[in-house]
Amino acid sequence: MDFLEEPIPGVGTYDDFNTIDWVREKSRDRDRHREITNKSKESTWALIHSVSDAFSGWLLMLLIGLLSGSLAGLIDISAHWMTDLKEGICTGGFWFNHEHCCWNSDHVTFEERDKCPEWNSWSQLIISTDEGAFAYIVNYFMYVLWALLFAFLAVSLVKVFAPYACGSGIPEIKTILSGFIIRGYLGKWTLVIKTITLVLAVSSGLSLGKEGPLVHVACCCGNILCHCFNKYRKNEAKRREVLSAAAAAGVSVAFGAPIGGVLFSLEEVSYYFPLKTLWRSFFAALVAAFTLRSINPFGNSRLVLFYVEFHTPWHLFELVPFILLGIFGGLWGALFIRTNIAWCRKRKTTQLGKYPVIEVLVVTAITAILAFPNEYTRMSTSELISELFNDCGLLDSSKLCDYENRFNTSKGGELPDRPAGVGVYSAMWQLALTLILKIVITIFTFGMKIPSGLFIPSMAVGAIAGRLLGVGMEQLAYYHQEWTVFNSWCSQGADCITPGLYAMVGAAACLGGVTRMTVSLVVIMFELTGGLEYIVPLMAAAMTSKWVADALGREGIYDAHIRLNGYPFLEAKEEFAHKTLAMDVMKPRRNDPLLTVLTQDSMTVEDVETIISETTYSGFPVVVSRESQRLVGFVLRRDLIISIENARKKQDGVVSTSIIYFTEHSPPLPPYTPPTLKLRNILDLSPFTVTDLTPMEIVVDIFRKLGLRQCLVTHNGRLLGIITKKDVLKHIAQMANQDPDSILFN
């Protein structure tokens, strides 16, 4: 009796922490599509079903874009309000942040637009004054207290409800997109807790950003919405196409850069990215950006806080300082990766990792205590970047724009280069201290058990370095106009150098040094600034920072964290250059016990159950007989267990002595023997095989390009051994003189 005519629930699915079989998933999707297409010719209802199936992908992208954009808007508005809550509250309505509170005020002047009677600092509320040392201490104390409260809530919620909500999430998403399964990582609880704790973590003033975690949030939206569509719910490979598009939507709302988001997904996170996914990513990113623009979280019709527009042309000589910023970005990226990975390894291997709440509170306390006295560390990092990118106008009241005005303002047009005033020199000192604090504290912050992105802190480090260099160049050009490098293009009273542009180039260089992004980074920065003429400086800085960082260490921060956590991720960008053969890597080795196999027509249910209970393998090769070792196919452990359990429940007479057949036809049975169990339907009849003398570089290429779980090794047609993805990863680690046992995800 063949009870497998109907599909069994659970067959063809995967256990947690297993790799999917891309070839099998794609094949199943093609079969499903072929069936729908054939049926569509039979009736109108089947045709409607065929059209709705084709349209479901676009509908899913629309829903992902709407949900991602809405959540990003909610996170932006909440984080802005809670960041301001550390400094005071709006008596006109506690739900207003500082900026909105003073917008509604009738008693505010243009020069002091951030001061209004409706906005009260904590010292005004508690001791009714904002002047004097005691008021400063009260404000200082309240700032630190709120920061600690927000951080404590964030780490507690993550620890209790959703441990997967910590970190940026991009290393794990890269691993999931490569075919690994981490159940719950993109689930409902993770989405809810990540959204809430991301607001709390950003508001606490820690040196972290919300941009990386927004990719995780968008992918959670994608995964949850996939369950509404059969086509994506039942096929892991199709679901990963959706997650690639969701990652693009996440970057789109993080930076207000839809095209940059698509390129980020293609360059940085996706493993399999067909042309259809490119179009759908583009649509999802468009819808997400449109939704965020409709919400208008910053009230300035922009999608990000630090949108700028420069119009001053740059000059060829300036490529030298831009390349210097690229070198700085590469050095900072390499330094950060090494120190952060060393600290994270210490956290994993010592007692420190057992006390995540204490660690978060200590780092938050140190950050808040050191941040409050300096206005550039006290403000949110996004506001700091906005300030650094800003091109000074006549009406700017910022200390960075405190220049001496030695010209006739009635001429109009652009402001010429001017000598720096007292405020600029004071701001330079404060920015230098801010740079040191950001460089040091970010190393300890990234990787803690709270949602933490790396884009914004990296951009802040680069923007500070860039602004310092830009102001230095500006003053050099002003005081030494006669120098050959300046006099050819910089005339007296002209606006030669834009310090804000240097900040922007520095931000791109540092972000590139840490993540090793190039194309997507330049496009994101260009979309942020709307300045087409600055593509060359950005490209020069991004390429230089990548070259310098690659010279000091091959891995970007996300790849380094993947390796630290032991995720089974096969990097597609690296070449395998060693002259080893398949027989050097396969299991079993020469002195090992023989390979565990099943025979096609001579094993009982009890024999198979014994093999399953005594081994932990994910699947078993099926051979004609133990003597011939001729390969028939490959069967997965999970499918075997589910099928045998199902047969015991639903098929009469199946007992431990029933023989299992993987053949097309079973021979006629003698009387009084228990019925047989036919399991040919769960057998993969076309497993990938290589010969024992196949070079490992070809085997590695096959694993990368086809996304295999395992590959069988034969010699003259006889089964010899098996190579799994984990064996390949261990072999690559061994060849690179690394610990092969580090490729064990726990």
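Analyst: A residue counts as buried when its relative accessible area is under 20%. The model is a predicted one. By that cut-off Cys 219 is buried, because its relative accessible area is 0%. Cys 219 takes part in no disulfide: the nearest cysteine sulfur belongs to Cys 220 and is 7.4 Å away. A disulfide requires two cysteine sulfur atoms within 2.5 Å.

Cys 166 is another cysteine to consider. The closest cysteine sulfur to that of Cys 166 is in Cys 344, at 10 Å, and this is too far for a bond. Cys 166 has a relative accessibility of 16%, so Cys 166 also counts as buried.

As for the paired cysteines, the structure holds two disulfides. One of them joins Cys 90 to Cys 101, with an S to S distance of 2.1 Å. The link of Cys 90 and Cys 101 is right-handed, with 75° about the S-S bond. This pair connects distant parts of the chain: Cys 90 belongs to strand β1 (residues 88-90) and Cys 101 to helix α3 (residues 98-103), and the two are 11 residues apart. Cys 90 and Cys 101 are both buried.

The other disulfide is formed by Cys 102 and Cys 116, whose sulfur atoms are 2.1 Å apart. The link of Cys 102 and Cys 116 is left-handed, with -75° about the S-S bond. Cys 102 and Cys 116 are both buried.

The patch covers about 710 Å² and is made by Phe 55, Trp 58, Leu 59, Leu 62, Leu 63, Leu 66, Leu 275 and Trp 279. Helices α2 (44-85) and α12 (275-295) are the elements that give two or more residues to the patch. The most comes from α2, with six residues. Trp 58 is found in helix α2, and Trp 58 counts as partly exposed because its relative accessibility is 31%.

Methods. Residues are numbered from 1 along each chain as its sequence is written. This is a predicted model: local features need pLDDT of at least 70, side-chain atom pairs count only at pLDDT 80 or more; totals for chains, interfaces and linings use all residues. Side-chain values use heavy atoms; hydrogens and water are left out. Helices (H or I, at least four residues) and strands (E, at least two) are DSSP runs, numbered from the N terminus. Buried means under 20% relative accessible area, exposed over 50%, partly exposed in between (1.4 Å probe, protein chains only). Patches are made of residues with over 30% relative accessible area and no salt bridge: like charges are joined within 9 Å, nonpolar side chains (Val, Leu, Ile, Met, Phe, Trp, Tyr) within 5 Å. Accessible areas come from the Shrake-Rupley method with a 1.4 Å probe; for residues, only the protein chains shown count as cover. A salt bridge is a side-chain nitrogen of Lys or Arg within 4 Å of a carboxyl oxygen of Asp or Glu.
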